[in-house]
Amino acid sequence: MQEFLGEHYIIFIIISIFLIFSLIGYFVNEHNKKKDTFKIKGNNIDALNISSDVNNTNIANDIQNNMSINEIINKNVNK
C-alpha cells in the first residue's frame, strides 16, 4: 500500500487540490446566492398596486391596442 501511494502521490496531490478549489467555489457561490436575493420590506401593499396608477393603466391599454414597445416609449417621452 505504501508503495502504491509513493508511486502515485502526484495524482493524489492533484485530486486534493481540485477538491479544495471545488469546495471554495461552492461556498463562494452559496454566499453570492444569499446576497442577491430580492426582499420586500414591510407590508406596503399600496406600493405594489399597479392597477391604481393611471400611467400604467394607459400603458396596459396601449398594449391591448397592439402598439409596439417603441411607440409606447415615444408616446410617454413626448408627453
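What is the mean pLDDT of the protein, and what share of its residues reach 70 or more? The mean is 74, and 57% of the residues reach 70 or more; pLDDT is the predictor's confidence in each residue, from 0 to 100. This is a predicted model, in which local features need pLDDT of at least 70, side-chain atom pairs count only at pLDDT 80 or more, and totals for chains, interfaces and linings use all residues. Residues are numbered from 1 along each chain as its sequence is written, and side-chain values use heavy atoms, with hydrogens and water left out.

The protein has four helices and zero strands; helices (H or I, at least four residues) and strands (E, at least two) are DSSP runs, numbered from the N terminus. Confidence is highest in helix 2 (residues 9–35), at a mean of 91, and lowest in helix 3 (residues 54–64), at 64. Where pLDDT is low, the predicted coordinates should not be read in detail.

Of the 79 residues, 3% are buried; buried means under 20% relative accessible area, exposed over 50%, and partly exposed in between (1.4 Å probe, protein chains only). Ile13, in helix 2, is partly exposed, with a relative accessible area of 45%.

The structure holds two aromatic pairs, listed below.

| Pair | Centre to centre | Angle between planes | Type |
|---|---|---|---|
| Phe4 and Phe12 | 6.3 Å | 80° | edge-to-face |
| Tyr26 and Phe27 | 5.5 Å | 65° | edge-to-face |

Rings of Phe, Tyr and Trp (its six-membered ring) pair if their centres lie within 6.5 Å; planes under 30 degrees apart count as stacked, over 60 as edge-to-face and the rest as tilted. Phe4 is partly exposed at 45% relative accessible area, as is Phe12 at 36%. Tyr26 is partly exposed at 47%, whereas Phe27 is exposed at 52%.
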